Amino acid sequence: MAKRGSNKPIRVGVLGVGRGQSFAAGASEAVGMKLVALCDTWADRLKQVGKRYGVATYTDFDKFLEHDMDAVILANYFHQHAPFAIRALNAGFHVMSETAANTTLAEGVALCRAVEKSGKTYMFAENYPFSAANQEMRKVYRSGEIGNAIYAEGEYNHAAEEDWRLSISPGFNHWRNWMPSTYYCSHALAPLMYITDTMPVKVNGLSMVETGSKSPNTARVADAGSVILCRMDSGAVFRIMGIMISSEHRVRYEVHGDKGLIGTATGNAWGGIRIHREEWLREGKPVERSYSPDWPEHGDLARRAGHGGGDFWTNFHFANAIRSGKPPYLDVYRGVAMCTVGILAWKSALADGAPLDMPDFKKESARKAHENDHWSPWPDGSGDGTAPPSIRGYEKPNAKALARSRGVWKRIGYKGKDV
Ligand SMILES: NC(=O)c1ccc[n+]([C@@H]2O[C@H](COP(=O)([O-])OP(=O)(O)OC[C@H]3O[C@@H](n4cnc5c(N)ncnc54)[C@H](O)[C@@H]3O)[C@@H](O)[C@H]2O)c1
């Protein structure tokens, strides 16, 4: 195993070869990483991807963990990261995990404890904070130009054509068909936390059902989108909106301070930023200015990576954290907090917006209170299965919707579990 501080490439294995391919491609010399193994239960796809990278392949996670490597990147199913992260940490590996870090409170508790016990690096792979615009907004916010954040909005709405959406959600029980509308909140929330350096302390949520032509013709049993309100530890209020409302694909951030406003200039968060200050707050500065920032460093590498450069920065920060032994900014506590917002907002949405307190996952007393909270909406989850995937409850898709979905899954060569 490569020692902390060593200049040897960090040898990385990736679990999941869908999204996982971005991490595989990013495990490059430029960040001091080397891809050495891939793991996926989808054997045909694994074989193809393994061939492209020329590395060892495994269909069994335990066998994969026996490979001689330093770190594991988790890009398996959305709702199954925590148990795999804990197994990898216990086996002595550094771990970077895709969202969600945890999908129950008990998993959040167990994950924080496992990271502390292992002494290994854990990073939550949120890539949206690292676009050039979001890094610049953090810099401007820290300069004090817009004062203290009072209110902020984050939006990640992934409008999608339904046959395409089904093609990335193979099998009736696939997480994308079941995921409650609040759970994928980290793309909207993480940049706001990063810009303002705040943590959520109270949460509520409301979920929205799409009643138009789309809903009856799909295997998706979850709602279209949600709004989450967070009270932050600074007293500010953040509003988080997403996730798959058909209107428009949009990623947007805005922070209102007591001296001005900063936000993404258009509906595309990879573009420019806008700073606004009222005339009476001018202090010699222009009232309004917009520009397209570059990254403070490594722009040439970030420009070639996906998600507004974020896919470069996650690997970069993970590698640096491993080498230095210092926790990354997106450490286990921030990762678990962001994902717990999604869980609590769902509890709240099912109670039509009742507010709920966020546990402080750094405190063992708070962890003790939630260590057995397995409340879970997933069909195959470890919880008691009491949480429905929609505010309408659970409605099995009709025969026509299932037939359409199965047609799409057959076309992409999916041979796994269907219902
Ligand atoms: N940050 C981003 O921009 C971004 C973008 C896309 C996806 N994601 C996240 O990445 C993760 C993966 O997304 P995806 O679109 O590839 O999902 P997916 O469901 O299409 O793929 C998951 C892969 O993991 C494999 N897998 C599942 N369980 C396994 C196991 N026990 N052992 C071995 N392999 C297993 C599956 O066969 C599949 O190939 C999700 O958590 C998703 O939220 C993040």
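Conventions. I number residues from 1 along each chain as its sequence is written. Because the model is predicted, I take local features only at pLDDT of at least 70 and side-chain atom pairs only at pLDDT 80 or more, while totals for chains, interfaces and linings use all residues.

Sheet. I looked up the strand order and found an open sheet of nine strands, β14-β13-β12-β11-β7-β10-β9-β8-β15, with mixed pairing. Strands are DSSP runs of E, at least two residues, and helices are runs of H or I, at least four, numbered from the N terminus. I count two strands as paired if DSSP finds at least two bridges between them. The edge strands, β14 (288-291) and β15 (356-357), each pair on one side only.

Strand β7. I traced β7 (residues 149-157) to β11 (residues 250-257): they run antiparallel, with eight bridges. Asparagine 157 has arginine 250 of β11 as its bridge partner. To β10 (residues 237-243), β7 runs parallel, with five bridges; there glutamate 155 is partnered by methionine 241.

Strand β12. I found four bridges from β12 (residues 261-264) to the antiparallel β13 (residues 273-276). Threonine 264 is opposite isoleucine 273.

Helices. I checked α6 (residues 132-143) against α9 (residues 186-196): their axes come within 8 Å and cross at roughly 30°. Axes are lines fitted to C-alpha atoms, for helices over the stretch in contact, with angles from 0 to 180 degrees between N-to-C directions. The contact (C-beta atoms, placed from the backbone, within 7 Å) involves Asn134, Met137, Arg138 and Tyr141 of α6 and Pro191, Tyr194, Ile195 and Thr196 of α9. I also noted that α9 lies across β7, β10 and β11, at about 150° to β7.

How values were computed. Two residues are in contact if their C-beta atoms, placed from the backbone, lie within 7 Å.
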